[in-house]
Amino acid sequence: LLAKRMHDREIDEELRAYIDAAVEEKMRAGMSRETAIRKARIEMGSTEAVKEEIREAGWEGTLESLWQDVRYGARMLRKSPGFTAVVILTLALGIGANTAIFSLVEAVLLRPLPYPHPSNLVDVWAHSSIFDFPNLGSSLPDLADIRAQTRCFERLAVYNYGQTDFTGSGTPQELTAAQVSADFFPLLGVSLLYGRTFFPSDIQPGHDREVILSGKLWRDRFGADPRVIGRGILLDSATYTIIGVMPPQFDFPETAQLWMPFVPSPADVAARGSHAFPAVARLAPGHSITEAQAELDTLAAHLARAYPHEDKNWGLQVRSVQTDLVGDARTPILVLFGAVGLVLLIVCANVGNLYLARAWARAHEIAIRAALGASRGRLIRQLLVEGLLLALAGGTAGLMLAAWAMGGLRSLIPLSTPRLQNLNIDSHVLWFTLGASLAAGILFGLVPAFLVSRDHLIAAIREAGAGRDAGSAGPRHSSLRHVLVVAEVALALVLVVAAGLALRSLASLSAVPLGIRADRLLTMRLDFPKLPSKTDAELVNYGTKILDHVRATHGVESASVSNCIPLSGCRGEAQFHVEGWQAPSDQRSMAGWNRVAPG
């Protein structure tokens with residue numbers, strides 16, 4: 001490819017050597033030199049034809065002819081700017097929508113967790129037949145039994161999380177803090193950006209004043225200063241020393257902004273009935289989640305018999321960390337991805353119809369090329385190359401459209417969607433866009449190419465010579481175009497019906513009586529500072545002062561407080577007993593509860 005002239009000179013020299021050898025052989029047979037030269041040239045045939053045959057024998061010839069198809073296709077598309085612009089714009093909308101939604105699928109569902117062997121990471125939950133909560137923590141004695149009596153777990157770590165007040169440096173901020181055991185970071189196999197993790201000596205009462213920052217908190221509040229290690233910060237009015245900074249992608253448990261040592265109280269260590277602590281585990285090599293669940297079922301049955309007062313009606317459950325993290329987001333995201341997939345099919349049908357009409361209008365040109373020696377495969381390849389050029393141009397435009405729409409997509413997605421911070425256009429999204437573009441180009445370009453290349457050459461030339469309208473087509477082409485139109489309408493109808501159902505569901509949900517008057521109703525959350533020196537009466541007085549201040553604010557008609565705000569998702573459940581009445585054994589005496597103030 002890079003030394004074409006030298007290659008042609010070598011072919012010329014080889015052909016001349018062949019002619020000379022053939023002439024000498026014929027002259028030895030008794031021919032004159034002129035006759036021998038003429039016979040040798042007749043036997044060899046056209047020199048240029050032989051040279052062309054030699055060039056096409058290697059991969060270089062195939063690549064060169066393909067490059068010729070690309071240049072020819074680009075010239076043909078430039079000659080039809082309106083057709084080209086419409087097709088590229090149509091493909092950009094379809095591929096751009098698929099690229100944007102696939103970036104969401106890849107970020108939330110497909111991207112593996114940033115830990116070694118993430119498929120071996122599982123959550124260990126407790127569940128009860130009395131409480132209507134799916135994921136509850138276990139007690140520390142039960143977790144100790146899991147460590148001692150199961151073989152499926154290589155390691156198991158306990159964690160807990162709650163809110164802490166960060167003060168003493170700039171604007172006070174409420175942070176989500178996770179308290180973790182010593183096995184937590186070694187189990188996950190994560191490396192810190194700076195500093196170290198907790199030593200076993202840090203997980204001791206009185207020695208638990210170390211903290212590890214998340215990458216985002218380190219960047220937002222400390223300016224990404226690497227000298228932050230060893231600095232003291234105030235959390236709930238207590239001084240903690242920063243000993244490490246996690247990488248930006250680490251956020252387990254989700255939304256954690258910093259990590260502290262988990263130091264349980266003696267009461268927690270002894271309380272088997274205190275089902276309050278989540279746990280994460282790593283499966284041992286060669287063991288599956290199914291085997292681990294079987295072991296936990298056996299252990300839960302044993303604990304229920306051994307400790308009926310604390311563990312009766314309680315079970316244990318193991319689930320993949322990735323599954324727990326995604327939660328209920330999987331189904332709506334996949335439905336959305338399926339919807340934009342239908343949009344891409346509609347786009348391909350639309351462009352295929354346009355491309356078929358254009359290819360049929362060029363039937364005369366294609367017939368002439370075939371009559372001059374172009375093979376059917378070469379004709380199909382030419383039309384397919386043009387389709388792929390359009391698809392790649394549309395894919396490039398769609399990628400730019402998806403990048404531009406990424407900000408709007410983030411604003412439309414609920415903030416509760418897990419791993420939303422991973423939403424971006426990475427290499428996987430680029431490969432998807434390339435694959436979708438190539439698939440679209442093949443899908444809308446191949447069938448028209450096959451149909452047009454099959455037409456009888458002489459008939460096509462005669463019809464064109466007779467002045468047939470370039471836009472008209474034979475029965476076979478008309479039938480295919482009708483099928484494509486029907487397919488477009490059918491797919492669009494599916495999307496319209498689905499969208500109508502979704503809108504009707506939204507309208508129905510909006511019309512559901514809430515049981516409260518939500519107009520002009522504002523809510524706020526009040527977190528009491530964690531001050532051990534304060535009594536309950538002082539904390540109540542603190543809350544009462546805030547409530548009085550709110551009531552006195554201009555524009556406030558009335559104000560009150562409750563443990564759970566209506567429609568917030570907060571709820572409580574408690575078992576109750578009625579004096580003088582014995583509930584049946586199969587009936588749960590459970591009730592939801594809320595604690596409210598007057599008004």
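Predicted model: local features only at pLDDT ≥ 70, side-chain atom pairs only at ≥ 80, totals over all residues.
Helix 10, which covers residues 289-306, has 18 residues and reaches 25 Å from its first C-alpha to its last, close to the 26 Å expected at 1.5 Å a residue. Its buried residues are Ala-292, Gln-293, Glu-295, Leu-296, Leu-299, Ala-300 and Leu-303. When helix 10 is viewed down its axis, these buried residues fall within an arc of 160°, so they line one face of the helix. An α-helix has 3.6 residues a turn, so residues three or four places apart point the same way. Thr-290, Thr-298 and Arg-305, by contrast, are exposed on the other side of helix 10. The cover over the buried residues of helix 10 includes strand 1 (121-128), helix 6 (140-149), strand 2 (153-167) and strand 9 (279-283), together with helix 11 (308-311) and strand 10 (314-320).

Since Glu-295 belongs to helix 10 and Arg-151 to the loop between helix 6 and strand 2, the pair ties together parts that are 144 residues apart in sequence. Glu-295 is buried, with a relative accessible area of 17%, whereas Arg-151 is exposed, with a relative accessible area of 60%.

Side chains of opposite charge can pair when their charged atoms come close. In this model the count comes to 18 salt bridges. Among them is the one between Arg-272 and Asp-142, with 2.6 Å from N to O. This pair links distant parts of the chain, 130 residues apart, with Arg-272 in the loop between helix 9 (266-270) and strand 9, and Asp-142 in helix 6. Both Arg-272 and Asp-142 are buried. A further salt bridge joins Asp-519 to Arg-517, the closest N and O atoms being 3.1 Å apart. Asp-519 counts as partly exposed at 42% relative accessibility, while Arg-517 is exposed, with a relative accessible area of 60%. Through salt bridges that share partners, Arg-517, Asp-519, Arg-520 and Glu-557 are joined into one network.

On the surface, Leu-89, Leu-93, Leu-401 and Trp-404 form a nonpolar patch, with about 470 Å² of accessible area together. The elements that give two or more residues to this patch are helix 5 (81-110) and helix 15 (376-412). Thr-90 is buried, with a relative accessible area of 17%, and, leaving aside its neighbours within four places in sequence, Thr-90 is in contact with Val-347, Asn-350 and Val-351.

The backbone was also examined. Most residues other than glycine have a negative phi, and most peptide bonds are trans. Phe-252 and Pro-253, however, are joined by a cis peptide bond, for which omega is about -10°, and Pro-253 lies in the loop between strand 7 (238-245) and strand 8 (258-261). Asp-236, although it is not a glycine, has a positive phi of about 55°; Asp-236 is placed in the loop between strand 6 (232-235) and strand 7, and is buried, with a relative accessible area of 19%. Asn-313, also a residue other than glycine, has a positive phi near 70°. Asn-313 lies in the loop between helix 11 and strand 10 and is partly exposed, with a relative accessible area of 40%.

Note on methods: Residues numbered from 1 in each chain as written. Heavy atoms only, no water. Helix = DSSP H or I, 4+ residues; strand = E, 2+ residues; numbered from the N terminus. Expected span 1.5 Å × (residues − 1). Buried < 20%, exposed > 50% of the residue type's maximum accessible area, 1.4 Å probe, protein only. Arc of directions from axis to C-beta. Contact = heavy atoms within 4.5 Å. Patch = residues over 30% accessible without salt bridge, like charges linked within 9 Å, V, L, I, M, F, W, Y side chains within 5 Å. Areas by Shrake-Rupley, 256 points an atom, 1.4 Å probe, with all protein chains shown as cover. Salt bridge = Lys/Arg side-chain N within 4 Å of Asp/Glu carboxyl O.
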